[in-house]
Amino acid sequence: MRLPFLTLTAIFTLLGVADASAQRYDPAYPVCMHRYIGGGPGGGGGDYFDCSFTSLEQCRATASGLAATCDVNPYYAFNGPPPRRPYKKVH
């Protein structure tokens, strides 16, 4: 009974220690370019995100001619003004 318990404990410990995937978006910039990199005949391609752009136009100019798309960074903290509170009329 002890051996199966220790085996399961070791397996779950190793699974918990496994590398986590890296964050794909850099929250410091508002626009990201998603690059698609195809593999050769054996495959092995991949893709990555380059979040170093301050505007969609800048990103699109860089992505021109590449297998890439430009998107708004979903993790960028926009520093816009806070929403206005509705005006209340005091009687």
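Reply: A residue counts as buried when its relative accessible area is under 20%. The model is predicted, and the values below are computed from it.

The structure contains two disulfides. Counting bonded cysteines along the chain, their pattern is 1-2, 3-4.

One of the two disulfides joins cysteine 32 to cysteine 51, with 1.9 Å between the sulfur atoms. The angle about the S-S bond is 105°, which makes this link of cysteine 32 and cysteine 51 right-handed. Distant parts of the chain are linked by this pair: cysteine 32 lies in strand 1 (residues 31–37) and cysteine 51 in strand 2 (residues 46–53), 19 residues apart. Cysteine 51 has a relative accessibility of 7%, and because that is under 20%, cysteine 51 counts as buried. Cysteine 32, at a relative accessible area of 2%, is buried by that cut-off too.

The disulfide between cysteine 59 and cysteine 70 has its sulfur atoms 2.1 Å apart. Here the angle about the S-S bond is -90°, and the link of cysteine 59 and cysteine 70 is left-handed. This pair also links distant parts of the chain, eleven residues apart: cysteine 59 belongs to helix 2 (residues 56–63), and cysteine 70 to strand 3 (residues 68–72). Both cysteine 59 and cysteine 70 are buried.

In terms of handedness, then, the link of cysteine 32 and cysteine 51 is right-handed, whereas that of cysteine 59 and cysteine 70 is left-handed.

How values were computed. Residues numbered from 1 in each chain as written. Predicted model: local features only at pLDDT ≥ 70, side-chain atom pairs only at ≥ 80, totals over all residues. Heavy atoms only, no water. Disulfide = S-S within 2.5 Å. Helix = DSSP H or I, 4+ residues; strand = E, 2+ residues; numbered from the N terminus. Buried < 20%, exposed > 50% of the residue type's maximum accessible area, 1.4 Å probe, protein only.
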